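Take a look at the model below. The paragraphs after it lead from the fold of each chain to single residues.

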Amino acid sequence: MLMPRRVKFRKHHRGQMKGISSGGCSLTFGEYGLKSLEPCWFKAKQIEAARVAISHGIKKGGKLWVKIFPDKCVTKKPAETRMGKGKGAPDHWVAIVKPGRILFELEGMDETFARELMGLAASKLPFKTKFIKRDRSMSSGRRG
Amino acid sequence: MEKIKLNAEIRDKVGSANSRRIRRTGFIPGVLYGKDEQPIHLKVSVANLHNIISEGENVLINLIVEDKEKTVMVKEVQRDPVQENIVHVDFYKVSLQEKVTIKVPIETTGEAKGVKEKGGVLEQILRELEVECLPNDIPEKITLDVSELDIGHSFTVEKLKIQPGVEVLTPIDSTVVTVIAPTVLEEEKKPEEEIAEPELIKKVKEEEGVEVVESEEVKEEESKKKIREEKDEKK
């Protein structure tokens with residue numbers, strides 16, 4: 001499962017998930033993508049489940065990019081423990097996903113097959129997503 | 001190159017709140033600027049702008065502002081990250097005698113040999129080519145025939161057929177397309193019983209010394225915790 005190799009601090013604050021994604025909102029590598037429509041803590045386990053779902057279906061050929069990384073540590077106190085006595089031990093890792101963020105990108109297949117694969121991945125996720133396709137008229141940014 | 005007409009109205013009120021009001025009325029706020037040109041804040045109809053952008057962004061537009069025609073190009077389109085609606089548009093006034101720097105889309109044609117026969121994956125690395133040319137010479141797109149491409153082979157910018165009068169600014173050794181070998185699924189490893197914690201980044205100063213201090217601190221903390229727990233149990 002994905003997790004950082006080295007960190008500066010063992011435990012993190014909870015933080016906020018306000019607003020919409022300011023970066024990673026457009027397709028960079030592939031032809032098709034899966035975009036989040038809701039904010040969420042995307043667990044490393046869920047990322048792995050979605051990745052496996054796509055890569056099992058991709059057998060016919062194609063390339064997958066995972067555009068998010070779980071770099072936030074979530075701690076948990078053991079069961080039947082009284083409150084207090086400090087913050088719990090690190091339990092799992094999450095990626096903070098805001099609306100508009102591209103999660104996965106695909107290339108090397110036709111649209112119907114890409115939609116099918118992204119559908120498989122989307123069913124593993126705890127938030128709403130939508131399938132997007134690279135389109136000349138849809139691109140944003142400076143033109144030179 | 002054909003020119004498309006687009007009507008624009010000048011907007012006096014600027015700022016996010018006023019722009020939001022403009023969007024509600026079916027218009028998109030924009031700005032017009034250029035060389036030796038004072039920026040003008042304006043608004044254009046959503047439907048008309050969509051028609052123009054759907055034809056490609058590298059089109060010359062005859063922008064009609066207060067009964068005056070100006071030759072412009074779309075410089076930047078800002079979109080909402082979630083709904084993907086156009087939020088703002090920048091128009092750049094161009095002179096037909098001066099060269100402009102622009103990005104032209106690269107399109108591939110045909111099915112690569114490595115994909116058709118060997119099951120490889122065609123990966124397009126460069127999707128836009130930066131070129132310099134006169135506004136009337138801007139190519140709509142640049143096509144590249146990839147039917148001879150085998151696994152492990154790639155085409156660079158050098159291979160692209162560029163029309164005369166167009167200067168390529170992208171380095172000629174940049175890869176445009178490549179065919180990669182099909183991915184082989186690795187056997188899934190059994191999940192480890194205990195997930196190791198990531199290593200902590202120590203302070204740069206006297207790494208070893210800090211480590212020793214930290215380990216002593218940890219020991220102290222642990223002993224304090226034990227004492228506290230024992231006290232609680234007694235209570």
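**A walk through two chains**

The angle is about 150°, and the axes lie 8 Å apart. Axes here are lines fitted to C-alpha atoms, for helices over the stretch in contact, and angles run from 0 to 180 degrees between N-to-C directions. H1(A) covers residues 44-57 and H2(A) covers residues 111-122. Helices (H or I, at least four residues) and strands (E, at least two) are DSSP runs, numbered from the N terminus.

This is a predicted model, in which local features need pLDDT of at least 70, side-chain atom pairs count only at pLDDT 80 or more, and totals for chains, interfaces and linings use all residues. Residues are numbered from 1 along each chain as its sequence is written, chains are lettered from A and ligands numbered from 1 in the order in which they are written, and side-chain values use heavy atoms, with hydrogens and water left out.

The classes are buried (under 20% relative accessible area), exposed (over 50%) and partly exposed in between, with a 1.4 Å probe and protein chains only. A:His56 and A:Leu117 are 61 residues apart in sequence, yet 9.2 Å apart in space, C-alpha to C-alpha.

Now widen the view to chain A. It has two helices and nine strands, in the order β-β-β-α-β-β-β-β-α-β-β. Of its 144 residues, 40% are buried. The loop between strands E5 (72-76) and E6 (89-97) holds A:Glu80. This residue has a positive phi of about 55° although it is not a glycine. A:Glu80 is exposed, at 86% relative accessible area. A:Lys85 lies in the loop between E5 and E6 too, with a positive phi of about 60°.

Turn to chain B. Four helices and 14 strands are found there, and 37% of its 235 residues are buried. The largest nonpolar core has 24 residues. Such a core is a set of buried Ala, Val, Leu, Ile, Met, Phe, Trp, Tyr and Cys residues joined through side-chain atoms within 4.5 Å. B:Leu129, B:Leu144, B:Leu160, B:Val176 and B:Val177 have the most contacts inside it. Strand E7 (100-109) of chain B gives the largest share, four residues.

B:Lys99 sits in the loop between strand E6 (86-93) and E7 of chain B. It is partly exposed, at 48%. Its contacts include B:Glu132 and B:Glu167. B:Lys99 and B:Pro135 are 36 residues apart in sequence and 6.6 Å apart in space, C-alpha to C-alpha.

Terms used. Contact means heavy atoms within 4.5 Å. Lists of a residue's contacts leave out its neighbours within four places in sequence.
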